[in-house]
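Subject: Structure handover and notes

Hello,

I am passing on the structure below, with my notes after it. Please read the two side by side.

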Amino acid sequence: GLPRRRAQFPWPGDGPAEAGRELDVQKTAGAQEDRQRQPKMEASDAGTSYLELDKDDEVVEVEAHPSGDSAHVSISCSDATGLGCDIARVLFNFGLTVYNGDFSTDGRWCFVMLHVKPCFGSPPCATNWSLLKRNLLRFCSSEKTVRKAPASAYTGNKKFILQIEFQDRIGTLHNIIHSLWESELVVHKANISTSPDNTGLDVFYVSDKLDRLPRQARVSQIEENIANKIKDCSSLRVNCLAYPSSRLSSGNSSRLLTGTRDCKDSRSSLPLMKTLSNRERAGSRRSSNASQDLEMLPRFSVSEILESLKVHADNLVSSTQTVFHIECPDRKGLMYDLFRITKDIGLQISYCKVTLDMNVCKADLFVHEEERQQKLTDEMIEFFCAEIKNAITSSILLKVENRHDAGGSQAVLLTEVVAVAPVDSGFRGRPRVLYDLTATFNQLGLSIFHAEMYTVEISGEV
């Protein structure tokens, strides 16, 4: 049967350390009875917060700490392979760090309990908990919506071209990108340029989560949000054009738009069994082709991470699950990378526990192979451990190169920065790349006169 949970989450510092987290799991006679009987809200004692659900449609609860700088997130919804990656992606997009969390599932229903807090460099709206809940609800289905999706569900099939003209200043592009994110637009491709008279003309290929484009009222709302962020809005102009459907289906351009499918609705991009079979024939790992093409891109200095990175696998704890224990220094997007690579190679997570202690992240994963529903072989374990290490140390590749005068002078005309990151199984780009890059340039006082964001295919991989 489905486990029925009673979760007690004391806020840090509100009670004695030994209070901890109390998790009561009881087996019931039938799964149907449990799905109808959701946990009920209980009155909280002094200094203790309870996160429990009692309505079918309230599958996501976000309870903010009285100080407003952290929150507890509780999710109870129908399960799907890749749901953890979608949840981690939302948290990563908000710039939130998971201080402790539990993910568990019986294969049909998923229970998630997280304590989150904004990390360094988070966007100003990271603590907009109502917006966080609205984004999480997009991925979480209640008992009422398991068989029938709401008519207003975001699909991302409609693409639009958003043209933004403005008087360029240092930091303006960063503010525009943040405004688009707050306006709940998904940027699939971007072409950014600045003319000699310092006029910026940015073209964004977007889809609308609220499904209100191209209505003029929606365009005016986006323009107003941008105007509130930038200093000089006198010359601001925002136009919206429909993206030609013929260009969406042709796929002739090598610079593609990122996808819109959620991980839970997508197939694994690199199924483990197929990848290992190809590996045996080719005699190499699946990332070898990409690494050859990206050899010119140096990786981050990861010597410190590699020294403290620990990945241990245990095949004796369970007859059906392989347990992985991961320990490494914490960084932005770490949980997203773990869940992304797990979905990419077609592994299912039955239980996951994440804790953050003294800037060290510890994660325990109970996984099994998706196709055969059994624990991993030694060869699979070796491959998955290598993929975990690669995802932790090489989540993004960077190249910084100075461009000199063609006449032989050593004077630097411009500096080119190239950032390359993998897409997920839904063909979606890595969150926050453009936001974090523009934030860095803004802090350094650097002007951006040209930029592009797009998706390409490298040796059969995206």
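This is a predicted model: local features need pLDDT of at least 70, side-chain atom pairs count only at pLDDT 80 or more; totals for chains, interfaces and linings use all residues.

Residues are numbered from 1 along each chain as its sequence is written, and side-chain values use heavy atoms, with hydrogens and water left out.

Strand β14 covers residues 347–357. Helices and strands here are DSSP runs, numbered from the N terminus (helices are H or I with at least four residues, strands are E with at least two). Two strands count as paired if DSSP finds at least two bridges between them. On one pairing, β14 runs antiparallel to strand β6 (residues 96–105), with five bridges joining them. In that pairing G101 stands opposite V354. Strand β15 (residues 360–369) is also antiparallel to β14, and ten bridges join these two. The strands β14 and β15 make a hairpin with two residues between them, and M358 in the turn has a positive phi of about 55°.

Y351 is a residue of β14. With a relative accessible area of 24%, Y351 is partly exposed (buried means under 20%, exposed over 50%, partly exposed in between, with a 1.4 Å probe and protein chains only). Neighbours within four places in sequence aside, Y351 is in contact (heavy atoms within 4.5 Å) with D102, F103, S104, D364, L365 and F366. Of these, L365 is 14 residues from Y351 in sequence, and their C-alpha atoms are 6.0 Å apart. The side chains of Y351 and D102 are joined by a polar contact of 2.7 Å. A polar contact is a pair of N or O atoms within 3.5 Å; within protein, one must be able to donate a hydrogen and the other to accept it, and residues adjacent in sequence count only if both atoms are side-chain atoms.

E165 in strand β8

E165 belongs to strand β8 (residues 160–167). Its relative accessibility is 38%, so E165 counts as partly exposed. Beyond four places in sequence, E165 is in contact with T199, G200, L201, S235, L236 and R237. T194 is 29 residues from E165 in sequence and 9.7 Å from it in space, C-alpha to C-alpha.

Salt bridges

A salt bridge is a side-chain nitrogen of Lys or Arg within 4 Å of a carboxyl oxygen of Asp or Glu. By this rule the model has 16 salt bridges.

One of them joins D208 and R218, whose closest N and O atoms are 2.8 Å apart. D208 lies in strand β10 (residues 199–208) and R218 in helix α5 (residues 216–229), so the pair ties together parts that are ten residues apart in sequence. Both D208 and R218 are buried.

Another joins D337 and R430, with the closest N and O atoms 2.6 Å apart. This pair links distant parts of the chain: D337 is in helix α10 (residues 334–344), and R430, 93 residues away, is in the loop between β17 (412–420) and α12 (433–444). D337 is buried at 1% relative accessibility, and R430 is buried at 13%.

E401 and K399 also form a salt bridge, their closest N and O atoms being 2.8 Å apart. E401 is partly exposed at 27%, whereas K399 counts as buried at 17%. Elsewhere, salt bridges that share partners join R331, D337, R340, D344 and R430 into one network.

Regards
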